[in-house]
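Here is a friendly note to read with the model open beside you. Please keep the viewer handy and look up each residue as we reach it.

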Amino acid sequence: VEKNLTNGTSLIEVSNSALSSVQELLVEMKDVAVQASSASLSADQRSALGDVFVELQGQIDTIVGNAKINGVGLLGAADVDIDIQSGITASDQTTIAAAASDAATLLVDAGAINVATDAGAQAAITAIDTAIGTVSGNQATMGAQGRGLDVAQRYAGSIMENLEGARSRIEDADIAAESSK
């Protein structure tokens, strides 16, 4: 049980770290979009900003795609909630909710936004602000789930300690009963 909870906690920590990186990339993308929203840019300047923007978009999916433990992830569009055994009975399951944060789900992929024009860049700013809010919410969800697993892990440790103490007392009582015969 403790190993399952530890694995779940590790997956959440990896996911949280990835979400922080995605958040940083979104802030960088917004900076580029703000620069690109000016109608006074030359074609070369706009093209250079567009190249940077596309690179940042791709990095989001790379980070999300690599945020896995044992092939299990929580941040990709195809990732699903996972259940872990968190207690000693079959019904003791804890669900860790997936929080899709890939570029397409956040609506900040190349098909959704670009900075090819000042109007496109302004629309990108709005989309990125929404994505930042979504990622912040996903971080809060992961944090809450991590705290829940910490509590479950402490509880499981306490149960194991109590069971071991009870087993020891029973064995001690059996030895005392046998030696008094």
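The points below walk through the model, one group of residues at a time.

1. **Before we start.** This is a predicted model, in which local features need pLDDT of at least 70 and side-chain atom pairs count only at pLDDT 80 or more, while totals for chains, interfaces and linings use all residues. Residues are numbered from 1 along each chain as its sequence is written, and side-chain values use heavy atoms, with hydrogens and water left out.

2. **Inside helix α1.** Please begin with Ser-15, which sits in helix α1 (residues 2-36); helices (H or I, at least four residues) and strands (E, at least two) are DSSP runs, numbered from the N terminus. Ser-15 has a relative accessible area of 0%, so Ser-15 is buried. On this scale, buried means under 20% relative accessible area, exposed means over 50%, and partly exposed lies in between (1.4 Å probe, protein chains only). Leaving out residues up to four places away in sequence, Ser-15 touches Leu-74, Leu-75 and Met-142, where contact means heavy atoms within 4.5 Å. Thr-9 is in helix α1 too, and at 11% relative accessibility it counts as buried. Apart from neighbours within four places in sequence, Thr-9 is in contact with Leu-149, Asp-150 and Gln-153.

3. **The nonpolar core.** Which residues touch the most other members of the largest nonpolar core? They are Leu-26, Met-29, Phe-53, Ile-60, Val-108 and Ile-128, out of 39 residues in that core. Such a core is a set of buried Ala, Val, Leu, Ile, Met, Phe, Trp, Tyr and Cys residues joined through side-chain atoms within 4.5 Å. At least two residues come from each of α1, α2 (43-66), β3 and α3, and α1 gives the largest share, 12 residues. To see one member in its setting, select Ile-60: not counting residues up to four places away in sequence, Ile-60 touches Val-22, Leu-25, Leu-26, Met-29, Ser-101, Asp-102, Ala-103 and Val-108.

4. **A salt bridge.** How many salt bridges does a search of the whole structure find? The search finds one, and it joins the side chains of Lys-30 and Asp-129 (2.7 Å, N to O). Lys-30 belongs to helix α1 and Asp-129 to helix α3 (residues 118-179), so the pair ties together parts that are 99 residues apart in sequence. A salt bridge here is a side-chain nitrogen of Lys or Arg within 4 Å of a carboxyl oxygen of Asp or Glu. Side chains of opposite charge can pair when their charged atoms come close. Lys-30 counts as partly exposed at 27% relative accessibility, and Asp-129 counts as partly exposed at 36%.

5. **Around Asp-79.** Asp-79 is placed in the loop between β2 and β3. The side chain of Asp-79 reaches the backbone nitrogen of Gly-76 at 2.8 Å, and a polar atom of this side chain lies 3.2 Å from the backbone nitrogen of Leu-75. With neighbours within four places in sequence set aside, Asp-79 is in contact with Lys-68, Gly-73, Leu-74 and Ala-98. Asp-79 and Gly-65 are 14 residues apart in sequence, and their C-alpha atoms are 10.0 Å apart in space.

6. **Gln-85 and its contacts.** Gln-85 is found in strand β3 and is partly exposed, with a relative accessible area of 23%. Residues up to four places away in sequence aside, Gln-85 touches Val-1, Asn-4, Ala-90, Asp-92 and Gln-93. In contrast, the C-alpha atoms of Gln-85 and Glu-24 are separated by 34 Å, though 61 residues lie along the chain from one to the other.

7. **Two positive phi values.** Most residues other than glycine have a negative phi, and most peptide bonds are trans. Asn-70 is not a glycine, yet it has a positive phi of about 55°. Asn-70 is in the loop between β1 (68-69) and β2 (72-73), and at 73% relative accessibility it counts as exposed. Leu-107, also not a glycine, has a positive phi of about 60°. Leu-107 has its place in the loop between β4 and α3 and is exposed, with a relative accessible area of 54%.

Terms used: Polar contact = N/O pair within 3.5 Å; in protein donor to acceptor, adjacent residues only side chain to side chain.
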